[in-house]
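Welcome to a short tour of a protein model.

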Amino acid sequence: GLFHLNPLGWGILAAIIATVTMVVLFFAGALIFNRRVGFVACIFYVFSFSQIIFDRHYWGLIFDGLWGLLTLISLNQIIKGNLKYSWLLAGVFFFAFHADLSTLVIYLLTGIVLIVLYFKPNWYNIEKSNKTNALKIGLLSGSAFLLSLLPLVLFDIRHNFSNSKGVLQYIEEVKSGRQGNIPVNVFGALLYLPRVLTRSLFVFGDADLAKQYSYCPQHQTGKLEAVPSLITFLIIGLTGAAFWLGYKKYRVSTLVIFFLFMSTYLGIVFYGIVFRGDLFDHYIVTLLPPFYLLLALFIDELRKYRWPVVVILLLFVFLNLKQLSVASHRFGFQDKLRAVNWAINETGEKDFSLDVIGACFKYNGYRYLFYLAGKEPVKSYVDANFTHLYDRPPSDTHPPLLVVFTNPDEAETEAYQKEYLAYSNKTLKRMNFGHIEVLIVDNSHLDFVGKF
C-alpha cells in the first residue's frame, strides 16, 4: 500500500498537498492583488508554526485552505465576467463539504457574493449585472453540491438513517442544555477569531504537539487564553487597516475576502453559540491563507518603508523557526513504536487485550501500530468504533493478558488515578518509554472486561 501504511508517510502526502496549496496561494495573490502580495503571503504560509502543525497532519482539514483559495479565485473572476470559472466553483462545491464541515463557510461566502452581484452590483463597481448569469452560477454550484450528497442520502436510506439520527441526537443535546467550549455571547465569539488568527503568526504558550492536537477543553481554551490581549487587539487593528487599504485599491478582491471573514464569524456564532458546539482553532484553517493575503497586502502598501518591513518578516520567520526547532510530541512516534514492540515481545505467542488510559490522550493510534507490527490484540478499547475496519472480528472471550498503555496529562483526573491503581495492582511487568508507561496486566480472573 501507499507508504506501506506507515503513519509518517501520510505526513509526506499532507506536505505535498500543502505545497500545492502554497502554489495556489501565490497564484491567488498575483491574480487578485499582485505578485508581491502572493510572494509575501507564501512566506506567512510556509513559516507559520501553527500552519505547519495543520499541514503536516493528514486529515480532511488539509484541503480546507485549498478549497478556500479556489473559491476566492473563482468568485473574483466571475464578478469580472469570466464565467468559465463557474465550473471551478462547481467543482469546489462538489468536493469541499466532504473534506470537513468547516468548509461550509465557503458555501455561505458564495451565497453572499452572488446575492450582492444580483441585487447590488454597484458594490463591485458594476453598473448593471447580468442577473441571469448570477442565477445560473448559483444553480450550477447548488446542483453540484446536491449531486455530491446523493451517496450520503442513499447510504442513510440503506442504513436506517444512521447519519440523520446523529443530527437529531445532537439537537436534543442542545435542547437539554449542552454547552460548548467558548462563552455563550457574541463578544466571546468575536475574540475567538482574532485569537486564532494571532496564533497563526506565533503560537503563544506551550508548543507541545500533544496539546496542540488535543480536543480536550482545557487545552483548547488554554491555547487561546495564552494569546496576550494586547497582541489580539493589535491584530484586529492591522486586519481592519488592511481591509481599508485594500478596499481603496482592490475593491472587489477585498470585498470577497471581507465576506469570507463575515461568513466565518457567522459560522462561529451559529455553531459555537446557537448550537453550542465545541470550537477548535483548526476549524478556521479555511480562513488562514486569505488572512495571509490580507496581511501581505498591508505589508505591500508599506513597501516604501523597505527595511522595517524586511525586519518584521525576518523576525516572523526567526520566531516561528525557533519554535519549530524545539517542538516535540509528549507521546512521540518513536516512543510509541518502542512501546508496541516491547509489548509484543513480552506477550510472545499469547493473545492479549489492549487498553489505553488517559483523560485527554487515549486515542493515539496504538491499535493501528500493533496491526502494522503484525500482532493485533484480540480485543481492544476501540473495538466499538473500528471493528468494521478489522481483518477479523474481535474475540468473543477475554484472554488472560491485558496490555495497558498510559498516556497521562500533566494533571490527571481522579477517575484516571483509580483506574491506574487498579491496573497496577494486577501488573506482571511494566516499562517506560518517555512519557508512555506500558503495563502487562494479569486478567485471568476477568477483573477488567467493562471496556471490551
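Which residues does Ser141 touch, not counting residues up to four places away in sequence?

## Ser141 and its surroundings

Leaving aside residues up to four places away in sequence, Ser141 touches Leu89, Ala90 and Phe93. Please keep in mind that this is a predicted model. Ser141 is found in helix α7, and with a relative accessibility of 1% it counts as buried, because the cut-off for that class is under 20%.

## Nonpolar cores

In soluble globular proteins, nonpolar side chains tend to be buried together. Here, the largest nonpolar core has 86 residues. Within this core, the residues with the most contacts are Phe44, Tyr124, Phe261 and Leu293. Helix α14, residues 288-301, gives the most to it, with ten residues. A second, separate core holds 35 residues, including Val340, Phe352, Tyr381 and Phe448.

Phe261 deserves a look of its own. Setting aside residues up to four places away in sequence, Phe261 touches Leu193, Leu197, Thr239, Phe243, Leu287, Phe291 and Leu294.

## Helices α12 and α14

Two packed helices are described by the angle between their axes and the distance between the axes. For helix α12 (residues 229-249) and α14, the axes come within 9 Å and cross at roughly 70°. The two helices, α12 and α14, are therefore roughly perpendicular.

Which residues meet where α12 and α14 are in contact? On the α12 side they are Ile235, Leu238, Thr239, Ala241, Ala242, Phe243, Leu245, Gly246 and Lys249. On the α14 side they are Phe291, Leu294, Leu297, Phe298 and Glu301. Sorted by class, this contact of α12 with α14 has ten nonpolar, two polar and two charged residues.

## Helices α4 and α13

Now turn to helix α4 (residues 64-79) and helix α13 (residues 251-274), whose axes come within 10 Å and cross at roughly 135°. That angle makes α4 and α13 oblique to each other, and their crossing is right-handed.

From α4, the residues Leu72, Leu75, Asn76 and Ile79 take part. They meet Val252, Ser253, Val256, Ile257 and Leu260 in α13. By class, the contact of α4 with α13 has seven nonpolar, two polar and no charged residues.

Is Val105 buried or exposed? Val105 is buried, with a relative accessible area of 13%, and its place is in helix α6. Not counting residues up to four places away in sequence, Val105 touches Leu260, Ser263, Thr264 and Thr286. Leu260 is also one of the α13 residues that meet α4. If you look from Val105 to His329, you span 224 residues along the chain, and the C-alpha atoms of the pair are separated by 31 Å.

His219 sits in helix α11, residues 217-225. At 11% relative accessibility, His219 counts as buried. Its contacts, again without residues up to four places away in sequence, are Lys211, Ser214, Cys360, Phe361 and Asp409.

## Lys350 in a loop

Lys350 lies in the loop between α16 (333-347) and β1 (352-357). With a relative accessible area of 55%, Lys350 is exposed.

## Positive phi values

What is the phi of Asn125? It is near 60°, a positive value in a residue other than glycine. Asn125 has its place in the loop between α6 (104-119) and α7 (131-158), and at 56% relative accessibility it counts as exposed.

Leu446 is not a glycine either, and has a positive phi of about 55°. You will find Leu446 in the segment after β5 (436-442). At 44% relative accessibility, Leu446 counts as partly exposed.

Terms used. Residues numbered from 1 in each chain as written. Predicted model: local features only at pLDDT ≥ 70, side-chain atom pairs only at ≥ 80, totals over all residues. Heavy atoms only, no water. Axes fitted to C-alpha atoms, helices over the stretch in contact; angles between N-to-C directions. Helix = DSSP H or I, 4+ residues; strand = E, 2+ residues; numbered from the N terminus. Parallel < 35°, antiparallel > 145°, perpendicular 65-115°, else oblique. Left-handed = near helix turned anticlockwise from the far one by under 90°. Contact = heavy atoms within 4.5 Å. Nonpolar A, V, L, I, M, F, W, Y, C, P; charged D, E, K, R; others polar. Buried < 20%, exposed > 50% of the residue type's maximum accessible area, 1.4 Å probe, protein only. Core = buried A, V, L, I, M, F, W, Y, C linked by side-chain atoms within 4.5 Å.
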